[in-house]
Amino acid sequence: MPTTVGRRTDRLAEVSRVPRGVDRRIVVRVGVVAAVSYAAWLAVGAFGRPYNFFDMKIYHGAVLWWAGGNELYDFVAPSTTLGFTYPPFAALVMLPMSWLPVDGAGFVNALASIAALAVVLAALLRPIVDRLGWPLWFTVAVATPVALAIEPSRETLGYGQVNLLLFALIMADLVGLRWRAKRGTHHETADSPLARFVYSGAWAGVGIGLATAVKLTPALFVFYLMLTRQWRAAMIATGTAVGVTLGTFGVLGAESRAYFTSVLWQTERVGAADMTANQSLAGLLARLYDSIETPGLLWLAFSVLVLALGLSRALSARADGDELTAFTLVGLTANVISPISWSHHLVWVIPAIIVLADAAVRRRDASRRLPPRGNGMLSANGVPTLRPPIWYPTLTGLRHGVGALGLYLLFLISPIWPYEHQLPEVSHYQDGLFGALMENSLAIALIVLVAALPWRPGAEPAFYPERLARTAPLAARR
């Protein structure tokens, strides 16, 4: 009898050990997610600013004013000189939030933005975690609060802005282009016509078109699609933007005429160019000249140069099979050349950090696969292969890893605010050269990224040209 009891006890212990081990892993991962989320919350409190849905109050007040029978673009927020600056289609989309109190609208926008960011991160990280064998849910659960802590995300949520939602629309088209390149993998086995249509990627371009109709700067992505001869996506994006705008004109003719003939050209409605929050090239030049206005001809000349550089590098990234980096370069270029790019507009540093981190991992993994010294193996051209020094795998990709970490820390700490100055009361050189560099640090980082962000040949192509097929075997080593 004691033997039987002992066997039952052993069996129960053996059975219980398996689920307990699985539960422990889940508990540990949930604990890590909770710890990272709490650390992100503390970082926002330490490096962020006081947030009270300032921009959402303007949007909410404008649509309430408009719903009350007043002219949309005549609205001026109390105690400010700011009004509604988006196209009429954006006002139409925002109109339902007039049914909510302003704080309620802000929280709904924040929740929708967080969900959109999580979905985007899942799409961007999936090819990476599949290659590395990491669980997707855990990676996204960690990456989301990490991404929410940096300047563009926390400012977007705290001010009640729409940047993460527009970012998600554009990234949806990137996913659609990927699915189009892989057509036959998913959509032919889908259960319903709708699912087959979604997985076909035939709709790619709709997101960019909608984003352009809400905010004009995403139009640069349409130009990029044309340059890369992605004609279908370019035409869908153009058709969506034009169709939505014309449809809005048919419903809101007076508002549309007011916006495109007058409001669009009133740059003073959004604030002075030299304001610290404006981290575009125009803001950088205005602060360097210690002037409220940007030197126009100088800005135009440098903008054309940055535009040519950013688009040419985006075309090269796509030609080598890295559509994510190509999209990122276009987004960063739009941030740089736009007359106004508030710090909450700079969401394109999120995929830039992912690209840099993945480049570091890829290069390190590739170096570890090199054959050992003296093994008699020959390379493709008959030259004996040699083992690199023992420190080579450790240092390979180090600069990309350091770049990713440094970029993240820069946008986490956001050193522009301790050195914020406002003309004419205080010169932008009040704190000397170091203070000027800090006040312009995010703009400088954007320009450096446009000029130097690496791409990963063959990483995530949205098409499969002959050139990519030839370079694919060497992609991991480049």
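## Briefing: a buried helix and its aromatic pairs

The buried residues of helix H6 are Glu 151, Pro 152, Ser 153, Arg 154, Glu 155, Thr 156, Leu 157, Gly 158 and Tyr 159. The model is predicted. Helix H6 spans residues 151-159, and nine of its nine residues are buried, so the rest of the structure largely encloses it. Gly 160 follows H6 and has a positive phi, near 75 degrees.

**Aromatic pairs**

- The structure holds 18 aromatic pairs.
- In one of them, the rings of Tyr 51 and Tyr 159 have centres 5.8 Å apart and planes at 70 degrees, so this pair is edge-to-face.
- Tyr 51 lies in the loop between helices H1 and H2, and Tyr 159 lies in H6, so the pair ties together parts 108 residues apart in sequence.
- Tyr 51 is partly exposed, at 27% relative accessibility.
- Tyr 159 is buried, at 15%.
- Tyr 419 and Phe 434 also form an edge-to-face pair, because their planes stand at 80 degrees, with ring centres 5.8 Å apart.
- Tyr 419 sits in the loop between H18 and H19, while Phe 434 is in H19, so this pair links parts 15 residues apart in sequence.
- One aromatic cluster is formed by Tyr 59, Tyr 73, Phe 84, Tyr 86, Tyr 259 and Phe 260.

**Charges over rings**

- Arg 29 lies over the face of Phe 138, at 5.9 Å from the ring centre.
- Arg 49 lies over the face of Trp 417, at 3.5 Å from the ring centre.

**Ser 256**

- Ser 256 belongs to helix H12, residues 253-261.
- Ser 256 is buried, with a relative accessible area of 2%.
- Its side chain reaches the backbone oxygen of Leu 252 at 2.9 Å.
- Not counting residues up to four places away in sequence, Ser 256 touches Pro 88, Thr 248 and Phe 249.

Methods: Residues are numbered from 1 along each chain as its sequence is written. Side-chain values use heavy atoms; hydrogens and water are left out. Buried means under 20% relative accessible area, exposed over 50%, partly exposed in between (1.4 Å probe, protein chains only). Helices (H or I, at least four residues) and strands (E, at least two) are DSSP runs, numbered from the N terminus. A polar contact is a pair of N or O atoms within 3.5 Å; within protein, one must be able to donate a hydrogen and the other to accept it, and residues adjacent in sequence count only if both atoms are side-chain atoms. Contact means heavy atoms within 4.5 Å. Rings of Phe, Tyr and Trp (its six-membered ring) pair if their centres lie within 6.5 Å; planes under 30 degrees apart count as stacked, over 60 as edge-to-face and the rest as tilted. A charge sits over a ring if NZ of Lys or CZ of Arg is within 6 Å of the ring centre and within 35 degrees of the ring normal.
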